[in-house]
Amino acid sequence: MSDQTDRITQLEETIAHQAKTIEELSDQLTEQWKVVEQTRAKLDRLTERFLSLEEQALEAPAITRPPHY
């Protein structure tokens, strides 16, 4: 019987360890998702700003002949 008890104890310890690991990975995934969302929001703001600045930019001057021609 002792072998069975030891085996069950070992299995319970393994399950507890795996449960803790899964919880830690879940927490890390949650934190990474927050970083991804923040990065996405910054990218959206930068894209809007770039497009706004691009619209405000002066058009390129017309190509004309230099005065010495």
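These notebook entries concern the salt bridges in a predicted model.

**Entry 1, count.** I searched the predicted model for salt bridges, and the count came to 3. I then took each pair in turn and looked up its distance, its place in the helix and the accessibility of its residues.

I found the side chains of K20 and E24 joined in a salt bridge, at 3.9 Å from N to O. This pair meets the criterion because the cut-off is within 4 Å. I located both K20 and E24 in helix α1, which covers residues 2–56. They stand 4 residues apart, about one turn of the helix. For K20 I noted a relative accessible area of 52%, so K20 is exposed. For E24 I noted 39% relative accessibility, which makes E24 partly exposed.

**Entry 3, E31 and K34.** I looked up the salt bridge between E31 and K34, where the closest N and O atoms are 3.5 Å apart. Both E31 and K34 belong to helix α1, with a spacing of 3 residues, about one turn of the helix. I recorded E31 as partly exposed at 44% relative accessibility, and K34 as partly exposed at 45%.

I noted a salt bridge between the side chains of E37 and R40, with an N to O distance of 3.1 Å. I placed E37 and R40 in helix α1 as well, 3 residues apart, about one turn of the helix.

Technical notes:
Residues are numbered from 1 along each chain as its sequence is written. This is a predicted model: local features need pLDDT of at least 70, side-chain atom pairs count only at pLDDT 80 or more; totals for chains, interfaces and linings use all residues. Side-chain values use heavy atoms; hydrogens and water are left out. Helices (H or I, at least four residues) and strands (E, at least two) are DSSP runs, numbered from the N terminus. Buried means under 20% relative accessible area, exposed over 50%, partly exposed in between (1.4 Å probe, protein chains only).
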